[in-house]
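Hi,

Here is the structure I said I would pass on.

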Amino acid sequence: MKIDTKYFGEIEIDNDKIIHFENGIMGFEEYKDFTLLYDSEAEKKPFFSWLQCVTEKSLAFPVVNPLNVIKDYNPVVEDALLEPLGELKDEDIVLLVFATIPKNVKDASVNMKAPVIVNAANGKAIQVILEKGDYKIKHKIIEDISKE
């Protein structure tokens with residue numbers, strides 16, 4: 001399938017690369033289908049990637065694997081919230097958090113409080129708000145990386 005994207009122009013993706021949000025993403029509930037794009041062709045995945053809507057060119061979100069920011073990130077999510085994902089095996093779980101990248105990159109942050117959980121086996125995804133844990137909505141990226 002061909003899609004028109006905000007940052008990469010027109011690209012071709014396989015149907016199995018579509019990530020489906022039954023309830024959409026918070027604030028963008030009407031958009032259900034996305035794909036994950038990388039700004040690199042190297043074998044190593046970059047720190048940032050893009051959650052690109054397949055039906056709306058201008059809708060693309062920078063996302064990050066939260067384990068690249070907090071090594072022991074382990075959100076507690078009630079089983080009932082995970083039901084829309086279908087059978088979920090540990091090896092099929094993909095976690096993503098939305099990033100905000102202002103003009104001053106030192107102020108870049110990620111929303112650790114509302115991660116996206118993807119079942120890679122079937123392409124189903126949800127965004128949840130964590131009730132437990134001390135995760136921040138604006139968790140600075142640079143501070144944590146410099147601590148390593």
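This is a predicted model: local features need pLDDT of at least 70, side-chain atom pairs count only at pLDDT 80 or more; totals for chains, interfaces and linings use all residues.

Q52 has a relative accessible area of 1%, and the cut-off for buried is under 20%, so Q52 counts as buried.

A polar atom of the Q52 side chain lies 3.4 Å from the backbone nitrogen of K6. Leaving aside residues up to four places away in sequence, Q52 touches I3, D4, T5 and K6, then D33, F34, T35 and L37, and finally K57, L59 and A60.

Now the nonpolar cores. The largest one has 19 residues, and the members that touch the most others are Y73, V110, M112 and I117. Strand β7 (residues 93-100) supplies the largest share of this core, with 3 residues. If you want to click through the contacts of Y73, they are P66, L67, L95, V97, M112, P115, L130 and Y135, again not counting residues up to four places away in sequence. There is also a second, separate core of 15 residues, with I25, C53, L96 and V118 among them. In soluble globular proteins, nonpolar side chains do tend to be buried together.

On confidence, the protein averages a pLDDT of 91, and 93% of the residues score at least 70. By element, strand β10 (residues 124-127) has the highest mean pLDDT at 98, while helix α2 (residues 141-146) has the lowest at 65.

Cheers

Note on methods. Residues are numbered from 1 along each chain as its sequence is written. Side-chain values use heavy atoms; hydrogens and water are left out. pLDDT is the predictor's confidence in each residue, from 0 to 100. Helices (H or I, at least four residues) and strands (E, at least two) are DSSP runs, numbered from the N terminus. Buried means under 20% relative accessible area, exposed over 50%, partly exposed in between (1.4 Å probe, protein chains only). A polar contact is a pair of N or O atoms within 3.5 Å; within protein, one must be able to donate a hydrogen and the other to accept it, and residues adjacent in sequence count only if both atoms are side-chain atoms. Contact means heavy atoms within 4.5 Å. A nonpolar core is a set of buried Ala, Val, Leu, Ile, Met, Phe, Trp, Tyr and Cys residues joined through side-chain atoms within 4.5 Å.
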